[in-house]
Amino acid sequence: MSLSGKKIILGITGSIAAYKTPHLVRLLVKAGAEVRVVATKAATDFVSPLALATVSKNPVLTDMTNGAEWNNHVALGLWADAMLVAPCSANTMGKMANGICDNLLCAVYLSLRCPVWIAPAMDEDMWAHPSTKANLGKLLSYGNRLIPVGNGELASGLSGPGRMAEPEEITDHLAKWFGGQKLPLSGLNALVTAGPTFEKIDPVRFIGNFSTGKMGVALAESLAEKGASVTLVAGPIHLAITGKNIKLVQVESAEEMYNACHASFAECDIAILAAAVADYKPADTATEKIKKKDQELTLKLVKTQDILASLGKIKRHDQSLIGFALETNNELQHAAQKLEQKNADMIVLNSLKDEGAGFGHDTNKVTVLTRNGKTCALPLLSKKETADAIINQITEMRNAK
Ligand code: CTP
């Protein structure tokens, strides 16, 4: 059974069963999941963060801040497909049931929108206590899921119910649930544009830009992983496209990109225009190479068609249209204008002022603006993580329609 591509936040709390969590992480990773660990301070008395970081290949988060940086619980929540709190102590069950938010684990839990599982672990009497039962009842009534406790020898020396389910059972439980789940975007068609466009001056020269297409390809891969059939219309890029279910349509100029997008837009449910399309192209393309003659050469440029705005004009209510905005000043204001003027449902704002963001980098830092006036600033993430967070927001926006 597989957890392939699933992103899981493992919350670990203070219980002796925490010593089993490096093995649990190993099993989850072996099943194909990507795991990020959020541990309470008490958990670190029972299990070493170094062991967890090593097996999860990600740093273990325990505090709201990490030196100079804030551990963004909202972004973590957007990244995740599931949260698993294992072991879940009586104390953390009580906090989760009552909205208490005095550590990072609880803050992540409160800001999540994905399914949450708890695998409680405590002594028999604590498990049987009416307050624990009441908290469990509340947690289940909020839609959280329980991985039942086991029966057997407990750390107190007693024997009875209260043991955390074994890591194998927990992994199976999640894999079975995901196996029975339809992927969130299955049955949907998506269109993505990526990369630069090249506008020919003559047979050997062009006007282009520095876009590499990394962000668009990451979006296409994230959409495909979540079940969508993707048409990726790409300008001249040099990237391997690994995702299944991605049909690559290669184009060169803004005009070719416009035509390719219009050819598939009617069938698509989600269109994300991430390409850096040339705004101007030479009025005429010389048929022969332009020879070097005078001191100055003037090129006459004419506007290209705005693909995003043209799709905004014909967009149906059931379609989601997402654009990008690359800005260097008054970023939010310009992005909001693009949202309105191009009739998009969402604009992903890239600011070139942010270090690690923009063309060519493997990371990005974006702010997402939606039509309902919401803005969400994501931290610096890899382009794939940024893509996953954007796709999760699009899915939510569609579900809320
Ligand atoms: N876009 C497009 N067709 C164009 C130009 C841009 O589809 N001819 C799309 C981009 O793919 C992006 C969005 O429009 O999704 C905004 O692109 P951007 O370059 O930020 O803005 P422009 O509209 O070109 O405006 P300006 O360059 O003046 O900021």
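Strand β6, residues 116-120, is mostly covered in this predicted model, with five of its five residues buried. Buried here means under 20% relative accessible area, exposed means over 50%, and partly exposed is anything in between, using a 1.4 Å probe and protein chains only. Strands are DSSP runs of E with at least two residues, helices are runs of H or I with at least four, and both are numbered from the N terminus. Because the side chains of a regular strand alternate between the two faces of the sheet, each face can be looked at separately. On one side of β6 sit V116, I118 and P120, on the other W117 and A119, and all of them are buried.

A quick word on the ground rules: the model is predicted, so local features need pLDDT of at least 70 and side-chain atom pairs count only at pLDDT 80 or more, while totals for chains, interfaces and linings use all residues. Residues are numbered from 1 along each chain as its sequence is written, and side-chain values use heavy atoms, with hydrogens and water left out.

Strand β5 (residues 82-88) runs parallel to β6 and is joined to it by four bridges. M83 has V116 as its bridge partner in β6, and C88 has P120. Over at strand β7 (residues 145-146), two bridges make the link to β6, again parallel, and W117 has R145 as its bridge partner there. Two strands count as paired if DSSP finds at least two bridges between them. The whole open sheet has five strands in the order β2-β1-β5-β6-β7, with parallel pairing. β2 (34-39) and β7 stand at its edges with a single partner strand each, so one side of each is left without a neighbour in the sheet.

Helix α5 (residues 104-111) is mostly covered too, seven of its eight residues being buried. Among them are L104, L105, Y109 and S111. At the N-terminal end, N103 caps α5 through a side-chain oxygen that lies 3.3 Å from the backbone nitrogen of L105.

On to the ligand. There are 16 residues around the ligand, and L273, A275, F324, K338 and K342 come nearest; a residue is near if one of its heavy atoms lies within 4 Å.

| Residue and atom | Ligand atom | Distance |
|---|---|---|
| L273, backbone N or O | oxygen | 2.7 Å |
| T304, polar side-chain atom | nitrogen | 3.4 Å |
| K342, polar side-chain atom | oxygen | 2.5 Å |

The protein covers 76% of the 570 Å² of accessible area that the ligand has on its own, with areas taken from the Shrake-Rupley method and a 1.4 Å probe. In the shell around the ligand, α11 (307-314) and β18 (320-327) each supply at least two residues, and β18 gives the most, with four.

Zooming out, the chain has 13 helices and 23 strands. Of its 401 residues, 52% count as buried. Its C-alpha atoms fill a box of roughly 95 × 40 × 35 Å along the principal axes.

Methods: A polar contact is a pair of N or O atoms within 3.5 Å; within protein, one must be able to donate a hydrogen and the other to accept it, and residues adjacent in sequence count only if both atoms are side-chain atoms.
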